[in-house]
Amino acid sequence: MHAIFQIKLTDEEAAPGGHDRRYRFRDKYLDIVRDALDDWIIYYQPAPRAGTRVIGSTGYFATARVTSVYPLAGRPGYYEASLEQYLELEETVPFSVPDFQLNKKFYFEKSMVQSDGRMNSHTIQQQVRALSNQEYEKIERAGFRKNWHEYEELLVVAPSYGFAEDPPESVERDRILTSRAFRDRVFRQRVGKAYNMRCAMTGISLQAPDGTCELECAHIKPVEDGGPDSLNNGILLFQSIHWMFDNGLISIGPDYQILKSSRYNEPKIDGLLNESGKITLPKNSSHFPHPEFLRYHREHIFLP
């Protein structure tokens, strides 16, 4: 069984090790979360109240797998769920979409509609909501619509399922959502869009007629070191700059200034870097590189 985890993203929740790794909830939702153990959930952020600040867009915005559930120390009546394989959707999926044929709204969650067709105002206030496999699939396909079907066709069914036999749907979903190739494609699209397909350090945007380009999306904190596939752990770089970044010859300071290693000695590259001496940031501040990931790169990868 899947579930909706409703959340209002604050600076604390959006920090590394926050909502991408854990989710806190009241004990009245314990049965729903336990039913989602070892399965996938969808994160949903409601529209903020007037005067309230939240980070990111409203709607269904990410998925993750629940790996464990336990009481929250020092907080009677509260529990925490541990999460893995956190992945932001390619596009935030709205709470509802218009159904022009029936002249009404279509809700991805069936429990949102009362028998008279009106929205269920009680259900929308629930922090955790049970989600059927069919409902999860509709949100999943809407959120990953650019890549899901194309990638699904490339998968080869494992022989253990028998000749010409499809694997269980849950197994197929796991194979796709945990695939490094699929996650990299989604990551590239989101980071590329956030940086308007321009290198953050040089402003270069070279694209061939066939759509290929000399830009690459770098994980600031590498995946192998526990870095997530999230926008604030990504940056768009020219290929040569990406190689320098991954090998510690260049980094980013606390104020987004471009740092060069003492082992760096290439005047021709200097001529390509932004004149401001700083990276170009996305228009949306919630997509900025997170300070913790930048600090990790400076302390563990950069060669002073």
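This is a predicted model: local features need pLDDT of at least 70, side-chain atom pairs count only at pLDDT 80 or more; totals for chains, interfaces and linings use all residues.

Colleague: Fine. Which residues are buried in H7?

Modeller: Ile-241, His-242, Met-244 and Phe-245 are the buried ones in H7. Around the axis they cover an arc of only 165°, which puts them on the same side of H7.

Colleague: What follows H7?

Modeller: Gly-248 comes after H7, and its phi is positive, near 80°.

Colleague: OK, over to H9. Which residues are buried there, in H9?

Modeller: In H9 the buried set is Phe-293, Leu-294, Tyr-296 and His-297. Their arc around the axis is only 155°, so they sit on the same side of H9.

Colleague: What do the buried residues of H9 pack against?

Modeller: They pack against helix H7 (239–246) and strand E11 (250–252).

Colleague: What about the loop before that? Where is His-290?

Modeller: His-290 is in the loop between H8 (267–270) and H9 (291–300).

Colleague: Is His-290 buried or exposed?

Modeller: Buried: its relative accessible area is 18%, and the cut-off is under 20%. Leaving out residues up to four places away in sequence, His-290 touches Ala-14, Ala-15, Pro-16 and Asn-232.

Colleague: And where's Pro-282?

Modeller: Pro-282 lies in the loop between H8 and H9 as well. Pro-282 is buried, with a relative accessible area of 4%.

Colleague: What does Pro-282 touch, not counting residues up to four places away in sequence?

Modeller: Ala-194, Tyr-195, His-287 and Phe-288.

Colleague: Switching topic: helix pairs. At what angle do H3 and H5 pack?

Modeller: H3 (residues 133–143) and H5 (residues 169–177) pack at about 30°, and their axes are 13 Å apart. That makes H3 roughly parallel to H5, as angles under 35 degrees count that way.

Colleague: Left-handed or right-handed, the way H3 passes H5?

Modeller: The crossing of H3 past H5 is left-handed.

Colleague: Which residues meet there, between H3 and H5?

Modeller: From H3 you have Asn-133, Tyr-136, Glu-137 and Glu-140, and from H5 Glu-169, Arg-173 and Leu-177. Sorted by class, that contact has two nonpolar, one polar and four charged residues.

Colleague: Which residues of H5 are buried?

Modeller: Glu-172, Arg-173, Ile-176 and Leu-177 are buried in H5. Looking down the axis of H5, they fall within an arc of 120°, so they line one face of the helix. Arg-173 and Leu-177 also turn up in the contact with H3.

Colleague: Let's do a strand. How buried is Ala-62?

Modeller: Ala-62, in strand E4 (residues 59–71), is buried with a relative accessible area of 0%. Setting aside neighbours within four places in sequence, Ala-62 is in contact with Ile-41, Ile-42, Tyr-43, Tyr-86, Leu-87, Glu-88 and Leu-89. Ala-62 and Ile-139 are 77 residues apart in sequence, with 10.0 Å between their C-alpha atoms.

Colleague: And Gly-59, buried or exposed?

Modeller: Gly-59 is also in E4, and at 3% relative accessibility it counts as buried. Apart from neighbours within four places in sequence, Gly-59 is in contact with Tyr-43, Tyr-44, Gln-45, Thr-92 and Val-93. Gly-59 and Pro-46 are 13 residues apart in sequence and 6.1 Å apart in space, C-alpha to C-alpha.

Colleague: Last topic, backbone. What is the phi of Asp-38?

Modeller: Positive, about 65°, although Asp-38 is not a glycine. Most residues other than glycine have a negative phi. Asp-38 lies in the loop between H2 (30–35) and E3 (40–45), and is exposed, with a relative accessible area of 54%.

Colleague: And what is phi near for Asn-196?

Modeller: Phi of Asn-196 is near 55°, again a positive value in a residue other than glycine. Asn-196 lies in the loop between H6 (180–194) and E9 (215–219). At 57% relative accessibility, Asn-196 counts as exposed.

Notes: Residues are numbered from 1 along each chain as its sequence is written. Side-chain values use heavy atoms; hydrogens and water are left out. Axes are lines fitted to C-alpha atoms, for helices over the stretch in contact, and angles run from 0 to 180 degrees between N-to-C directions. Helices (H or I, at least four residues) and strands (E, at least two) are DSSP runs, numbered from the N terminus. Angles under 35 degrees count as roughly parallel, over 145 as roughly antiparallel, 65 to 115 as roughly perpendicular and the rest as oblique. A crossing is left-handed if the near helix is turned anticlockwise from the far one by less than a right angle, and right-handed if clockwise. Contact means heavy atoms within 4.5 Å. Ala, Val, Leu, Ile, Met, Phe, Trp, Tyr, Cys and Pro count as nonpolar, Asp, Glu, Lys and Arg as charged, and the others, Gly among them, as polar. Buried means under 20% relative accessible area, exposed over 50%, partly exposed in between (1.4 Å probe, protein chains only). The arc is that of the directions from the helix axis to the C-beta atoms.
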